[in-house]
Every structure is written in C-alpha cells, then in structure tokens.
Amino acid sequence: MKNKNVFGFLMNPFTRIAGWQAFGLGLFFVVLMGLLGAYSDIAFDGVIDMHMIDISLLQSFLYLGIDLVCLVVVMWITGLIVSTNFRFIDILGTMTLAKAPFLLLSIAGFFTATPDLSEIYKNPYIIFQSVSFVILIALSIPVIIWSITLIYNAFKISCDIKGSKLTVAFIIALLVSEALSKVLIYLFV
Amino acid sequence: MLPTYCPSCHAQLKVECLKCESCGTEVNGSYDLPVLALLSEDDQQFILRFVKNSGSLKEMASQMKLSYPTVRNLLNDIIHKINSYETSL
C-alpha cells in the first residue's frame, strides 16, 4: 500500500505540490541537471530529448533554458485555448518539476563511455559493444516516459481539463514544444 | 447522511413528511431536496470547509495538504455537479 502511494506520488506529485513550491524544487533539479550534464556530456537538446555530446556549461544551460521556456509557453498557450480557469504559476511550477527525471540521465552520463562518432559512422552496430552506452539508452526510455507522464499530469491538474480534450491538447502541445525547442536550439545555440 | 436516492430504483427521493419533535405535528407534502443535500458527503464537507475558510482555497490547500490547483479542481467539480443538478430539476 505504501509502495503504491510512493509510486503514485512519483507519477503525480502535483496533487500536493504546485505553484511556487514546485517551481523552486523544479529549478533546483534543472540547475543540477545543467551542471552535471555539462560535465557528463549529456545534452538535453529538446523538451523530451537527450543526446550524448561534448558541451560547455553555457550550452548546457542554454539547452535547458530553451527547453523549459518552450514547454511552459506552449503549454500555457494551449491552456488559454482549452481552459478558462488556471494560473500561470501552476503551469510554470509543475512543468519545471516535470523535467526532474532527466537528472538521472545527467548522473548516468558519468558512468557512460561515449563511442567514437567516426567509428559509429563507419559501423553503427559498434554502439552495442559499449555496455554502458546501451544501459544509458535503455535507461533513457523509462526516464522519458516518466517525464512525459509528469508533463501530462502537470497539464491536467494545472488547467483542469479531462477526457479526449486533454489527450488531444496535450499531444499537440508536447509535439509543438519539442519541435519549437529543436528549431530554437538549432538557430541560437 | 441523508439518503437522497431510492435504494430500489435509484431515482431521486423527495421529502414527504417533516415532524416537530416538540409537539408531534407532522407536515406532509412532496418537497424537493435542497441541491446541496444531493451532493456526496465528501462534497458537503468540502463546501463546509470552504465556507469556514472564508472561501480561501489557499488556506484549504494548506489544511488538506493538497496543492492549490487540486483544491480549485475539486471546487470546479462541485460547481459542475450543482449546475447539472439545477438543470435537471
């Protein structure tokens, strides 16, 4: 029963935490992600995206800043279209906290050996020879699913939308925010 | 908790008789239940809490250990139920 409660809280902490409290906690995780990501060569170059590349501290924070701004702004605009009664601070706070699972990948990056890119171009299957890299890829799948679940619950609770309206609005908003973040990162970083 | 629906066919119940416990007078008729009485016990408790907190959702959120939007969503659900009860009357 207790495990079920913990799992429920990890999947949807927003019934208890939202607004400024969620924003403060989320910002702490995001800053930590940016710092660790810069040193473990993990770049969050998209709202729900991660790649293992050599990046500077500035790049790491620029990527995360663009991700967060795109996610918050797109979800907020979507909220304005489909909902009437919600606060911007709830969107900002819950969306920031929803990025927290990616911290696991920043940490995992320290234990991952990056395969040589030129070698990968010659033979893509070489990546399977790096066990740590395969583990990182395997870990990234549940982490991304966890983060998407959090973004979904953040949107649902912040904007009070239900049913098919929620599902359709969420899918469109997530895809738009991912595409927008990719374009902005490509143009400005 | 006041029963509001028929245990046999689940139709909405009406008040047929009210009795004065002081003199024993009975008032008979067919009266609709107040809309608030149709809400669940949890919803009624929520409304009581809302009134006692002077309508402050922030205060309620801290008392109930829930986030502000969660409490606001609970209120929205109750408003939606009240609206649907009123239109069905």
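**Note on the predicted two-chain model**

1. In strand β2 of chain B, B:Val27 is the bridge partner of B:Leu18. The model is predicted, with local features requiring pLDDT of at least 70 and side-chain atom pairs pLDDT 80 or more, while totals for chains, interfaces and linings use all residues. Residues are numbered from 1 along each chain as its sequence is written, chains are lettered from A in the order in which they are written, and side-chain values use heavy atoms, leaving out hydrogens and water.

2. Strands β1 (residues 15–19) and β2 (residues 26–31) of chain B pair in the antiparallel sense over four bridges, where pairing requires at least two DSSP bridges and a strand is a DSSP run of E with at least two residues, a helix one of H or I with at least four. Six residues lie between the strands of this hairpin, in which B:Gly24 takes a positive phi near 85°.

3. Between the chains, 11 residues of chain B are in contact with 15 residues of chain A (heavy atoms within 4.5 Å). The rule finds one salt bridge across this interface, namely A:Lys162 with B:Asp77, whose closest N and O atoms are 3.0 Å apart; the rule asks for a side-chain nitrogen of Lys or Arg within 4 Å of a carboxyl oxygen of Asp or Glu. Helix α4 (residues 68–88) of chain B gives the largest share of the side of chain B that touches chain A, seven residues.

4. As for confidence, chain A averages a pLDDT of 93, and 99% of its residues score at least 70, on the predictor's per-residue scale from 0 to 100. Within chain A, helix α6 (residues 117–122) has the lowest mean, 75, and helix α4 (residues 88–97) the highest, 97.
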